[in-house]
Amino acid sequence: MGVYPSGMPKTRRASAVLLLLLLTLALPLFGDNATPPRHWGRCPAVITFDTPEVVNVLADTHGDYDRLVTLLAGGKLIAPGPPSPAEVTWTGGHSVLVVTGDMIDKWDHSLPIIALMRALVQSAASQGGRVVISAGNHEAEFLNDPAGKKTKMFQDELTAAGIKPKDVADGTDQQGIGRFLLCLPFATRVNRWFFSHAGSTNGRTMSQLIAAIQTGFDAHGYAAPALLDADSGLLEARMKPPWWQKPGDTPIQSEARLLGYADALGVQHIVFGHQPGNYELNDGAKRKKGKMFTHFSGLVFLIDMGMSQGIGDQRTGYSQGALLRIQRTGSTETATTIFPDGSSKEIWP
């Protein structure tokens, strides 16, 4: 038997080379953090559709199951007091519910929220409605690093339930939590409205956004810059200053940039959560924490209400939460805040 200078027999060396080649080819599929490969046909980056139905939007429940149930019941989307999260009943008829992520962390009932959302997808579909849930930065950060400090509360909740966080991140847990989370889209376009967790698309067209997400995800998993970049990531972009404002901008320039972002996507409204606090824009407009906020004639909507008890200095939340409800009558659209007690307030136009 021939021997290479290294001393390894030729047949063994050939096998080692083949194994190394296979492992090298597999690396891009799993990204930097061994993220399971994603089938973009089954689990698209962005969900897009048109509908004449009422569209409801919800942001950042952050582990507060009780407030979530109260809010959905107040909005007449579920029957009050479900016996268990998995037994929730959709009562929203043919309407749509879009959830912009951050179901988990900050409070200690993330698992019931996930169970309710999974069941609600099925219940709504059976009644002719539709529920679309996209990922927030907390879901992405957990799936990127299931041992990371930022998502420790969710990790602890999983561990207390006898579920290994890494199994969830790998999509191998018996409960199917990981398979659900790993298939969440990163944004939703309904009619002329664009919904995502943090809102920033960095001026990309829809096709460019999808390509940036897919390419970045295949290379880096959930750490893809298009998702988690702190300045411009779709799930992470911050509001101090607002991600559409650049240093030295005049108010007109900032508004024009945001309008350009919407035009590139082919939409008229950009709606996002992620930011429940106080913010001031460079034209002097102020958003108060815990309040739903719209500006630039409905071009942008901030809908994170800080509803979870885990938000705020006293761990009481900034608010009890609210839904954004978008209704169309002919060619006219309105946007209304729906509160947990069922009361409402039109905020646009």
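**Close-up views of cores and ring pairs**

View 1. Leaving aside neighbours within four places in sequence, Leu181 is in contact (heavy atoms within 4.5 Å) with Met103, Ile114, Glu139, Leu143, Phe154, Val168 and Tyr222. This is a predicted model, in which local features need pLDDT of at least 70 and side-chain atom pairs count only at pLDDT 80 or more, while totals for chains, interfaces and linings use all residues. Residues are numbered from 1 along each chain as its sequence is written, and side-chain values use heavy atoms, with hydrogens and water left out. Leu181 is also among the residues with the most contacts inside the largest nonpolar core, which has 79 residues; such a core is a set of buried Ala, Val, Leu, Ile, Met, Phe, Trp, Tyr and Cys residues joined through side-chain atoms within 4.5 Å, and buried means under 20% relative accessible area (1.4 Å probe, protein chains only).

**View 2. The ring pair of Phe186 and Tyr222.** The ring centres of Phe186 and Tyr222 lie 6.0 Å apart with planes at 70°, so the pair is edge-to-face, given that rings of Phe, Tyr and Trp (its six-membered ring) pair if their centres lie within 6.5 Å and that planes over 60 degrees apart count as edge-to-face. Both Phe186 and Tyr222 are buried.

**View 3. The ring pair of Phe301 and Trp348.** Phe301 and Trp348 have ring centres 6.5 Å apart and planes at 85°, so this pair is edge-to-face. Phe301 is buried, as is Trp348.

**View 4. A cluster of rings.** Trp243, Trp244, Tyr261, Phe272 and Phe296 are linked into a cluster by ring pairs.

Definitions and conventions. Buried means under 20% relative accessible area, exposed over 50%, partly exposed in between (1.4 Å probe, protein chains only). Rings of Phe, Tyr and Trp (its six-membered ring) pair if their centres lie within 6.5 Å; planes under 30 degrees apart count as stacked, over 60 as edge-to-face and the rest as tilted.
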